[in-house]
Amino acid sequence: MDLRGPSKQPTYLGDAPLTSMRDIDASSEEHEFNPMLRDVGGGHSDSDFNTKTEPYNTSPSYRPRKLDFLLNWKWELLSLVGTILSLVAIVIVLNHYDGKPSPSWPYEITLNTLVSVFSTLLKALMMMAVAECISQLKWIWFKNPRSLADLTTFENASRGPWGSTQLLITLRFHHIAALGALVTIVTIAVDPFVQQAIRFYPCGYVETNSLASVPVAHSYAPPQNLLEPLEVAMVGAIYDGLLNLSFNGSTVTSKCPTGNCTFPIKYTTFGVCSSCTNLAYDIQNEFVNFEDKYNNVTNSTDNIPAPRMILNSTLPGSDDPQNINVWSELSMVQPPFDANVSTPPTLVVGPTNMFPNFTRFPQSIPYNNTGFFLTGFTSLSYTRNTSCTSDWMTGGERNPQTDCVVPALLPGAREKVPTCQTSPMNSDVCVTIDDFDSILASTCGLSFCGKTYEGIVREGVFSERLIGESNATEIAEPGYATRDNHPPSNESVPAYMLSPCWYNNTEYKNIYEYLELNMTQALWGYSFDSSDASLSERVASGKGPLNYTYMADKVSSDAQKKAVFDACVVNATPLAYANLALFLQRFLKGSATGLFMDRGGSDGRPNPGKNWGTTTNAYTIEWLDPMYAKGLASQETTQALFSRLAASMTNHLRTSDVNGTTVIGEVNGVQTCVRVVWPWLALPTALVLSTCLLLVATIVKTATQANANVWKSSPLAYLFYGMTEQSRADVGGSLITVDEMDEVAKRKEVLLRETSEGWRFVAEQGGTMRDELR
């Protein structure tokens with residue numbers, strides 16, 4: 001807009017009154033300076049103004065060039081660029097730290113603080129542009145007759161949310177200025193939305209200044225003598241594994257400074273393995289007439305209120321002619337013979353000194369002969385476990401984990417046992433074949449082996465997951481054709497080779513093939529049976545003995561193979577092995593018997609039917625209590641019990657081995673990480689785009705509708721281009737207070753146009769054109 005003074009001495013409305021817009025147009029032949037700049041007295045001298053008189057040209061004498069026009073918007077354009085850069089800075093900072101630890105800056109400056117600085121700068125720069133746009137649109141708004149009060153509404157809108165709310169009500173969203181008002185109001189939410197986009201959560205990190213460790217065993221060589229055949233700590237581990245029902249196998253102590261550690265590599269340790277199988281398929285069951293077989297027990301058989309038929313269940317013993325691999329035959333009968341039998345057997349366990357000869361159990365699946373055999377047992381028991389399955393007895397599929405013998409399903413059972421026989425516990429009740437207990441039979445073995453784990457520590461609790469188990473093949477002098485019939489014989493070299501074996505997080509499934517050993521030489525020239533597929537398969541299955549000298553010399557020239565060989569060779573001294581095996585053979589045997597069977601027992605309650613195997617029992621050794629499981633034993637509970645035993649013994653080996661090593665793990669700390677919820681940035685992004693649209697629209701409107709007059713929020717425009725004298729002539733009152741001004745403004749409609757006085761707010765005569773021209 002041309003803000004320069006006029007080129008002609010002005011003629012004032014006070015000197016030549018104009019009563020209408022027609023008069024104003026007629027007088028526009030003379031161009032004069034704004035009368036609002038007159039002195040208070042209203043008098044002027046020729047020296048005050050240029051007295052040169054020339055015809056008034058209705059076309060402005062000055063039109064800005066395009067470059068000048070854009071320069072009028074330079075600060076708004078720069079503020080818009082700054083707004084966009086602030087938003088980009090927020091996005092860059094949040095994207096950089098998204099999913100990463102929260103930064104630690106000097107003076108405790110946080111990520112929220114930095115983002116808040118950018119969001120505050122964004123708001124300030126954005127509102128600068130928006131306020132100027134609203135102010136400029138104010139002048140364009142008065143290109144048509146409007147209420148003079150709208151001037152105040154626009155001014156207030158450029159200053160804050162309350163004025164913007166009033167402007168929205170006035171414009172009813174029918175003008176581009178409403179967009180600026182809406183942006184001003186919604187900008188209040190920019191800070192909360194930006195802060196809401198930043199979330200924090202605990203995350204782990206790896207400490208570089210400390211290490212985690214967990215022990216692994218490479219030998220079992222405790223100090224022992226004849227007076228102390230087995231170390232007390234191992235005895236305690238055996239009892240703990242069998243009697244501690246809460247034992248979870250993770251009693252090994254790991255070193256973890258923070259309580260959260262990971263072991264990224266799998267590791268193999270020397271340990272003890274267990275394996276069990278179901279022998280229910282080979283139980284020999286026979287129904288025996290009580291009167292015929294046991295008539296010589298008493299002279300008054302007919303007076304005994306007992307069943308006439310009993311079930312005799314037997315598990316075969318060994319028939320080794322050399323009397324080397326031996327185990328006892330186990331047998332039990334039900335129901336008890338008579339009421340005087342107060343402790344009927346419910347569980348019997350017998351030891352095995354070698355891996356059983358499964359030709360004695362032709363219907364059963366041999367358990368895995370993993371490692372170097374220590375000891376084992378066979379067991380026979382009654383059970384009332386409802387999970388017991390018997391489909392195999394009627395031609396169905398076998399399920400070794402749950403199968404048992406149900407007496408009622410035995411061939412001819414219902415023909416041999418009468419419908420009802422007098423109970424030995426209570427002559428007033430009877431016993432049917434359906435009252436007989438189901439029968440379980442198992443065999444389990446313990447052996448030295450390799451066990452591979454992966455471990456983790458969380459919140460101070462160390463837990464391991466068993467990955468696999470390895471055979472332990474004996475290393476010994478020549479002369480032993482098979483394993484399991486002698487203790488380790490040479491204390492000068494390691495006792496066993498583990499295969500498969502893990503080293504440096506790599507699994508060597510067949511260590512002998514990896515080491516490229518000549519298996520004939522490795523086995524002292526052993527000539528294997530024709531049933532063996534190959535020498536490497538023979539050794540991989542655990543059969544020995546191995547020649548340590550040959551194997552060590554073979555790998556000595558290759559550093560990597562030597563490292564693998566040394567990691568997979570373990571030791572147990574002959575005396576330690578012998579003492580442990582002997583203790584276990586004496587320990588894993590005994591029986592359980594029912595109590596209080598004589599006519600209901602001491603509590604006076606009747607115990608008819610299958611209650612001869614009660615939940616209250618007597619045991620020859622404590623560990624049979626969890627073995628019998630209060631009459632609810634199953635193949636699964638037996639296997640779980642001896643898995644705990646093997647784990648407990650392995651833990652003792654790992655924590656007591658003076659030759660053991662440690663596996664190094666990572667120490668994990670907990671720190672605060674950043675997660676960005678990007679949708680929360682949609683609001684500031686939308687406001688920035690709206691501001692861009694508002695500024696562009698305002699510039700275009702100014703160029704097309706305001707003759708490129710860029711007054712924006714300048715107060716000088718009011719001074720230089722106020723109302724004409726004629727427009728002010730009908731204003732009554734003192735107009736001292738703002739309220740008086742507001743009342744007058746509401747009644748007066750004006751438009752902004754170029755007159756002979758320059759640009760002026762001109763009031764329509766009668767003030768009636770507002771509704772018509774909107």
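A salt bridge here is a side-chain nitrogen of Lys or Arg within 4 Å of a carboxyl oxygen of Asp or Glu. The model is predicted, and a search of the whole structure finds ten salt bridges. The stops below visit some of them.

**Stop 1: Arg159 and Glu155.** Select both residues. Their side chains form a salt bridge with an N to O distance of 3.2 Å. Glu155 has 15% relative accessibility and counts as buried, because the cut-off for buried is under 20%.

**Stop 2: Lys266 and Glu454.** Move to this pair, whose side chains meet in a salt bridge at 3.9 Å, N to O. Where do the two residues sit in the chain? Lys266 lies in the loop between β4 (261-262) and β5 (267-278), while Glu454 belongs to strand β13 (residues 438-458); the pair links distant parts of the chain, 188 residues apart. Lys266 is partly exposed, with a relative accessible area of 23%. Glu454 is also partly exposed, at 25% relative accessibility.

Stop 3: Arg465 has 49% relative accessibility and counts as partly exposed.

**Stop 4: a network.** Finally, select Lys138, Glu155 and Arg159. Salt bridges with shared partners join these three residues into one network.

Key. Residues numbered from 1 in each chain as written. Predicted model: local features only at pLDDT ≥ 70, side-chain atom pairs only at ≥ 80, totals over all residues. Heavy atoms only, no water. Buried < 20%, exposed > 50% of the residue type's maximum accessible area, 1.4 Å probe, protein only. Helix = DSSP H or I, 4+ residues; strand = E, 2+ residues; numbered from the N terminus.
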